[in-house]
Amino acid sequence: MTRPAAIVLGCSAGGPEALKAVLGGLDPRLPQAVLVCCHTGSETVELLCELLARASRLPVIEAAERETVRGGTVQVAPAGYHLLVERDLHFTLSTDPRVNLARPSIDVLFASAAAAWRDALIGVVLSGANADGADGLRELRRLGGCAIVQSPDSALASAMPQAALARAGADHCVPLDAIAPLLNQLCLP
Amino acid sequence: MDHPTGDLELEGIELDLFVEAMRRRHGYDFGQYAPASLLRRVRQLAQRHGDGTISALTHRLLHEPALLPQLLEGLSVPASDMFRDPSVFRALREQVLPLLASWPQLTIWQAGCAHGEEVYSLAILLEEAGLYERSQIFATDLSAHALERAREGIYPLHAAQQWSRNYLAAGGSQSLSDYCSARYGLLKLDGRLRRNVTFAQHNLAADGVFCEAQLVLCRNVLIYFSNPLQHRSLALFRDSLVRGGFLCLGLRERPDAGMLAADFAPVDAGLRIYRRIGPAAAERRP
């Protein structure tokens with residue numbers, strides 16, 4: 001595998017807790033862009049960003065349209081919009097209909113990121129209560145990316161990791177506390 | 001082709017050919033749309049109207065002109081909600097309409113009205129501010145199908161609860177149900193809200209200025225455009241607005257800072273509401 005250029009993370013119920021654990025364990029020297037899609041149900045992700053920023057040693061910001069994807073930075077999909085990555089690595093937003101009842105949808109982010117980074121991408125599916133992310137992870141693997149799924153028994157809500165395993169399979173299926181060390185190992189030179 | 005990343009290259013060619021066919025066959029140019037969201041929409045159309053490949057869709061586009069309206073609908077602005085982002089409608093109600101009241105006649109342009117949810121929201125704001133009678137609203141969209149839906153003003157009833165909450169959060173003084181009736185699982189907006197609304201086709205990628213407006217609303221449309229088309233649209237809005245007129249964009253949109261600074265002053269930058277400054281459109285033309 002090519003050295004990864006980006007990490008995409010998807011989650012819903014139980015997601016913020018899982019994200020805190022993963023981001024808290026990431027090495028601050030990681031050069032990769034870290035993109036997050038979390039179904040929150042709130043109108044903004046301002047609070048989520050604050051929460052994650054307290055746990056993360058990488059800076060955390062809300063992803064903005066037309067902005068270039070930043071390495072070494074956690075970028076969170078805004079509430080109410082799908083987040084897509086263009087091939088030239090800037091962000092596009094869309095208000096197209098919900099996918100899997102969700103907007104932002106993990107499938108939408110993962111599929112566009114997979115097309116942009118191909119085999120230089122790691123996709124991570126964490127705790128969540130629906131099947132969003134499963135198709136996206138499948139597409140990500142098809143294009144050569146590496147898939148990590150939180151082991152369902154370590155997830156607050158297991159439906160999302162279970163659906164991902166069933167539909168996409170995984171290169172690594174590990175408990176929550178093993179995900180950050182694995183990412184550090186895969187991402188640092 | 002059996003290599004997956006080869007599929008992507010192939011699909012890229014197919015998308016280019018689709019855009020080229022749309023432009024040359026029907027005169028609609030999607031070449032300046034943001035590629036990632038355009039590809040998603042074209043893929044969905046290819047699923048809905050063919051065997052799933054963009055090539056097959058392009059074949060139908062070329063040989064079945066009757067399909068065009070459905071394709072344009074799938075490629076234009078998606079449906080919105082009434083009073084989506086209530087804080088924006090509250091700001092329009094509290095900060096913008098009182099200033100608009102100083103003009104004897106109001107022209108308002110909503111660009112990319114989709115199914116009309118925000119047009120009716122705006123009409124209700126104007127009614128409640130006592131400004132509707134002197135207002136002329138132009139609601140435009142690329143898609144004739146979308147305009148038909150907007151003209152009907154009929155929506156699925158399941159949206160009603162959220163829309164009522166939005167209306168109240170936007171400072172609504174009555175109840176949303178005063179403006180609509182519910183029947184057969186559908187919500188029908190009061191036709192009187194349409195009496196000063198003109199629905200018309202307009203393409204931001206090709207068409208020009210057609211009115212002199214005191215307010216232009218264009219929310220979550222520019223997010224689908226690449227930079228050059230975003231610039232073209234902003235210039236169109238600038239040239240359509242009278243001096244002191246207002247522009248309202250989508251909450252997460254990032255309009256070109258240089259263009260904004262030259263021609264607009266923020267009213268509430270966080271809510272993407274701006275006011276036209278500098279010479280009026282008529283004065284800047286040679």
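Two residues are in contact if their C-beta atoms, placed from the backbone, lie within 7 Å. The model shown in these views is predicted.

**View 1. Helices α3 and α4 of chain A pack against each other.** Helix α3(A) spans residues 106–117, and helix α4(A) spans residues 134–142. From α3(A), the contact draws on A:Ile106, A:Asp107, A:Leu109, A:Phe110, A:Ala111 and A:Ala114. Facing them in α4(A) are A:Asp135, A:Gly136, A:Leu137, A:Glu139 and A:Leu140. By class, the contact residues are seven nonpolar, one polar and three charged.

**View 2. Domain 1 of chain B touches domain 2 of chain B.** The domain assignment places domain 1 at 4–75 and domain 2 at 86–284. Taken over C-alpha atoms, the domain centres are 29 Å apart. Domain 1 of chain B brings 10 residues to the contact, and domain 2 of chain B brings 13. On the domain 1 side, helix α4 of chain B (residues 68–75) gives the most, with four residues. That side comprises five nonpolar, three polar and two charged residues.

**View 3. B:Tyr155 sits in strand β3 of chain B.** The strand covers residues 154–156. B:Tyr155 has 22 other C-beta atoms within 10 Å, so this residue is buried; the cut-off is 20 or more. Leaving aside neighbours within four places in sequence, B:Tyr155 is in contact with B:Leu186 and B:Leu187. B:Asp29 lies 30 Å from B:Tyr155, C-alpha to C-alpha, and 126 residues apart in sequence.

Note on methods. Residues numbered from 1 in each chain as written. Chains lettered and ligands numbered in written order. Predicted model: local features only at pLDDT ≥ 70, side-chain atom pairs only at ≥ 80, totals over all residues. Helix = DSSP H or I, 4+ residues; strand = E, 2+ residues; numbered from the N terminus. Buried ≥ 20, exposed ≤ 12 C-beta atoms within 10 Å, placed from the backbone. Axes fitted to C-alpha atoms, helices over the stretch in contact; angles between N-to-C directions. Nonpolar A, V, L, I, M, F, W, Y, C, P; charged D, E, K, R; others polar. Domains from an automatic or database assignment.
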